[in-house]
Amino acid sequence: QFGDACLRAKKAGFDGVEIHLAHGYLLFEMLSPHVNKRTDAYGGCFKNRFRMIKEVFEDVRSKVGDDFIVGTRLSYQDGYQGGRELWDSMELVMNLEAVGADYLNITFGSYGDHNSYEYDVQKHGFVTNACKEIKKVVSIPVIDTNRITTGGVAEAILKSKEADLIGMGRTSLADPHFPNKVQACKEEDIRHCINCNLGCYGGLLGPLGHVTCLVNPEVGRETELDEIKTAPKRVLIAGGGPGGMEAAYQAVRLGHHVTLYEASDRLGGLLVSAAFPPTKGEVALFNTWLIKQMKDLKVDIRMNTPLTKEIAASEKPDAVIIACGGSALIPPIPGIDGPNVYTAEDVLLGKVATGDDVVICGGGE
């Protein structure tokens, strides 16, 4: 069935396929001594655990021929006690090259191992050292992936010859034009991935049922937005947080005349405090990008000015967009209105002094 699927891909016009040996999927499970407890010819020693993978590659190659790319996506480490480690994967990659893999796309971990998807706690390029070791024992190209979100990091990995190619998944969702902007020396215009996993993982596994992106609302809806055609309108926006600025960004690009009203003295709304906790600093990248777009598009912004009914009546807009943001959920607990009770946002922004004896109600990030 693997071979049949790859042949269909070739007939459909694809340049190649990637056999999935990562993140807990079927062939990953066959390889892992943590998962594979079989006692037949497909379990036990490495040769047996590799047997199904070898048969898959042989079947695929027999059907697609030698003129078709067949690579593999490989977790170099299971992430579980008793699973594969890097040195087990060194043996594995040599065998993969022997059975005809054209390249190795290196990643980490599996579902259920929190380190494999909580990217905000991982260092940039955290798979790179594994790629460096793997390159020592194979001659086929090695792709480095995971938490490579800037052109500088990507270029450094390539120049140091620790990998042959760079793979970017979430980065490409956040800004599909990332490589072109790097090449054009316009990195300040890149809409960076903030490693939140709320759109990609969250969208796929949640009620939406499909991938989206917290910083790029066009993901999955590109054709819808391309079809919007309308005459220029006068638009007022209430709120200078991410929702308000994104609305202004899209409206101006569609040719509308926009005025944005922000009640406070800074843009960003809750994004500002969201960037303060440890490992969350990259959240500020999105706010920085939005503010730059406002300046580049010359959006008329009125700071320290709430949008009132009187202003709306005098401006006579064609549309008003309400983007006032959210407010803290304050449960009706006796004493919660006391002078020693603060919101998380006020603490993160340094507006209050908590003292040393503190109770935190709520287990979010």
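The paragraphs below go through this predicted model from the whole chain down to single residues.

The chain has 365 residues, of which 40% count as buried. Its secondary structure comes to 15 helices and nine strands. The C-alpha trace spans about 75 × 55 × 40 Å along its principal axes. Among contacts between residues at least 6 apart in sequence, 64% join residues at least 24 apart.

The interior can be taken next. In soluble globular proteins, nonpolar side chains tend to be buried together. In this model the largest nonpolar core has 40 residues. Those with the most contacts inside this core are Ile19, Ile53, Leu96, Leu104, Ile106 and Ile134. Helix 3, covering residues 46-64, gives the most to this core, with seven residues. For Ile53, once neighbours within four places in sequence are left aside, the contacts are Leu21, Leu27, Met30, Leu31 and Leu96. There is also a second, separate core of 26 residues, and Ala248, Val252, Ala275 and Val283 are among its members.

Gly71 lies in strand 2, which covers residues 69-75. Is Gly71 buried or exposed? Gly71 counts as buried because its relative accessibility is 0%, and the cut-off for buried is under 20%. Leaving aside neighbours within four places in sequence, Gly71 is in contact with Val17, Glu18, Ile19, Phe57, Asp102 and Tyr103. Ile19, one of these contacts, is also among the residues with the most contacts inside the largest core. Lys186 is 115 residues from Gly71 in sequence, and the two C-alpha atoms are 32 Å apart in space.

Ser89 is found in helix 4, which runs over residues 86-98. Ser89 is buried, because its relative accessible area is 0%. Which backbone oxygen does the side chain of Ser89 reach? The side chain of Ser89 reaches the backbone oxygen of Tyr76, at 2.7 Å. Tyr76 is also one of the residues in contact with Ser89 when neighbours within four places in sequence are left out; the others are Ser75, Gln77 and Arg84.

Tyr261 has Arg302 of strand 8 as its bridge partner. Strand 6 and strand 7 also pair in the parallel sense, over five bridges. In that pairing, Ile237 has Leu260 of strand 7 as its bridge partner. Why is strand 6 described as largely enclosed by the rest of the structure? Four of the five residues of strand 6 are buried, so this strand is largely enclosed.

Ala247 is found in helix 11. Ala247 counts as buried because its relative accessibility is 18%, with the cut-off at under 20%. Not counting residues up to four places away in sequence, Ala247 touches Ile237 and Ile321. Ala247 and Gly152 are 95 residues apart in sequence, and their C-alpha atoms are 30 Å apart in space.

The cysteines come last. A disulfide is a covalent bond between the sulfur atoms of two cysteines. How many disulfides does a search of the whole structure find? The search finds zero disulfides. Cys193 is in no disulfide, and the nearest cysteine sulfur, that of Cys200, is 6.6 Å away. Cys193 counts as buried, because its relative accessibility is 9%. Cys185, by contrast, is exposed, with a relative accessible area of 67%.

Methods. Residues numbered from 1 in each chain as written. Predicted model: local features only at pLDDT ≥ 70, side-chain atom pairs only at ≥ 80, totals over all residues. Heavy atoms only, no water. Helix = DSSP H or I, 4+ residues; strand = E, 2+ residues; numbered from the N terminus. Buried < 20%, exposed > 50% of the residue type's maximum accessible area, 1.4 Å probe, protein only. Polar contact = N/O pair within 3.5 Å; in protein donor to acceptor, adjacent residues only side chain to side chain. Contact = heavy atoms within 4.5 Å. Disulfide = S-S within 2.5 Å. Core = buried A, V, L, I, M, F, W, Y, C linked by side-chain atoms within 4.5 Å. Pairing = 2+ DSSP bridges.
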